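Student: I'd like to learn how to read a model like this one. Could you walk me through a few features?

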Amino acid sequence: MRVTFTVNGRKQEADDVWEGESLLYVLRERMGLPGSKNACEQGECGSCTVRLDGVPVCSCLVAAGQVEGREVVTVEGLADFAKQRAEKGGCASGACGTSLQDAQQWQSKPSDSELRSRAADSQTGENTDLSPIQQAFIDAGAVQCGFCTPGLLVAADELLERNDSPSDADIREALSGNLCRCTGYEKILDAVRLAAARGENRTAGQGA
Amino acid sequence: MDFLRPASWEEALAAKAELPTAVPIAGGTDVMVEINFDHRRPEYLLDLNRIADLSEWEVGEKTVRLGASVPYTRIMENLRAELPGLALASHTVASPQIRNRGGVGGNLGCASPAGDAHPALLASGCEVEVESAARGVRMIPIDEFYLGVKRNALEPDELIRSVHLPKADGPQQFSKVGTRNAMVIAVCAFGIALHPETRTVRTGIGSAAPTPVRAKEAEVFLAAALEEGGFWDSGAPIPPSVAKQFAQLASGACNPIDDVRGSAKYRRHAVGIMARRTLGWTWESYRGNERSAQCA
């Protein structure tokens, strides 16, 4: 079957999707977006966490056909998503978003050509295509093997969107569905606290 | 496999009537696990996500009509006052990601004895609204809903539309044993609801028998003890002997097995402990409310 939905702000189509296929499989294997990780396939680990119409879900447990006409944000689109939220409080026009090509080529550092064209920016750390939560994970040393990181980033970003000054209990609960087998939890908590303290997730709507 | 996407409840009922083997999928948190692991290859998947009505709830004068697909997150956030027992149980379901997708309809449809909602549903004394294209709506009392391990009272052409739960008329509690605070299938669970209006107590036990069950003897014993001692009126503390007997009877209502999550012996023991504790919590809350009502 064909499934059409919005991924990171742009409309995408997937063909020949098997009816029992998960959203995670479509993202990784059909759209070339391997940021969402495939691990437990039973909703235990949270590595595949994406936003579905704004809500964090395990994409391994969403049937591809259920996403028809809906909006998905993956870790590849997180930086743009956060930027739009900070600038405009959302993307009402539908004109913004991350193209599939950009999302597929997403990396935490600008490409060489980008570096050359905006060397000054990269010196200051600006325009490095990171969302505040991603930068906080790096700064706090919250990434070890990195496998759980995409899911944690999506979950943590959503927490800070809802609650710009979460308590430790709030953070633990929001991340309780994401497992880190390196057991780097303390630094992950540090990263979320750091991002909250920096306050860059605050949007105009929250008035803070 | 075919993926059916009815746009309305009527279309869904028609599809289920025509294709009774179609497996309904709402949150997908159970069905997709089975498909991902190749444990199940349904001929038809019946997606219920487009039926907005299933994700809505109505708070009436006496009851709450809870759509089958209302996510646990919504129950926790919005129905804590009306359905405290179910809200507490919802909060123990898996993780935020799962609670954002899963709902009571899935717990009922799957009818696993370990489903977290069951003890609260049993303790509340709710009814399950099911419907078929041929015979219309049928209300199934929760006490008659669970028939066996993963078997329920649904006919092949029926779908679960909603659950009608009486609004709480007294304190309710829920307790669950697991190895961590999240992402845990209950080793066993216990729900209790005090019903001061009828001066009764209802309970629900999860994961300690082939189906979710009530501890009926414990309920009858406790209601009689509370009545005879004038406790509903006096609000006096429940004597330890009464709490102990209640716990023993609750333990006796279990018919557990040994499995990877725990032994039968442990489950019996733990259910007794949870029965005593949750009784204590609810009764303290009842007494507290009584006192504040008198002060006001």
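This is a predicted model: local features need pLDDT of at least 70, side-chain atom pairs count only at pLDDT 80 or more; totals for chains, interfaces and linings use all residues.

Student: Why is Arg74(B) classed as partly exposed?

Tutor: Arg74(B) has 19 other C-beta atoms within 10 Å, so it falls in the partly exposed class. You'll find Arg74(B) in helix H3 of chain B, residues 72–78.

Student: Now chain A. In what order do the five strands of the open sheet run?

Tutor: The general idea comes first: strands of a sheet pair through backbone hydrogen bonds, either parallel or antiparallel. In chain A the order is E2-E1-E5-E3-E4, and the pairing is mixed. On average, neighbouring strands are turned by 40° against each other, direction ignored.

Student: In what sense do E1 and E5 of chain A pair?

Tutor: Strand E1 (residues 3–7) and strand E5 (residues 71–73) of chain A pair in the parallel sense, over two bridges. Look for Thr6(A), which stands opposite Glu71(A) in E5(A).

Student: Which helix packs on that sheet, touching E3 and E4 of chain A?

Tutor: That's helix H7 of chain A, residues 149–162, and its direction makes about 45° with that of E3(A). H7 of chain A also meets the buried residues of H2(A), which pack against E5 and helix H6 (132–139) of chain A as well. Those buried residues of H2(A) are Leu78(A), Ala79(A), Asp80(A), Phe81(A) and Ala82(A).

Student: Back to chain B: at what angle do the axes of H4 and H7 cross?

Tutor: Helix H4 (residues 84–91) and helix H7 (residues 117–124) of chain B have axes that come within 8 Å and cross at roughly 175°. Angles over 145 degrees count as roughly antiparallel, so H4(B) is roughly antiparallel to H7(B). By class, their contact has seven nonpolar, two polar and no charged residues.

Student: And how many residues of chain B are in contact with chain A?

Tutor: 25 residues of chain B are in contact with 23 residues of chain A. H2(B) gives the most to chain B's side, with four residues. That side divides into 13 nonpolar, eight polar and four charged residues.

Conventions:
Residues are numbered from 1 along each chain as its sequence is written. Chains are lettered from A and ligands numbered from 1 in the order in which they are written. Axes are lines fitted to C-alpha atoms, for helices over the stretch in contact, and angles run from 0 to 180 degrees between N-to-C directions. Angles under 35 degrees count as roughly parallel, over 145 as roughly antiparallel, 65 to 115 as roughly perpendicular and the rest as oblique. Ala, Val, Leu, Ile, Met, Phe, Trp, Tyr, Cys and Pro count as nonpolar, Asp, Glu, Lys and Arg as charged, and the others, Gly among them, as polar. A residue is buried if 20 or more other C-beta atoms lie within 10 Å of its own, exposed if 12 or fewer, and partly exposed in between; C-beta atoms are placed from the backbone. Two strands pair if DSSP finds at least two bridges between them. Two residues are in contact if their C-beta atoms, placed from the backbone, lie within 7 Å.
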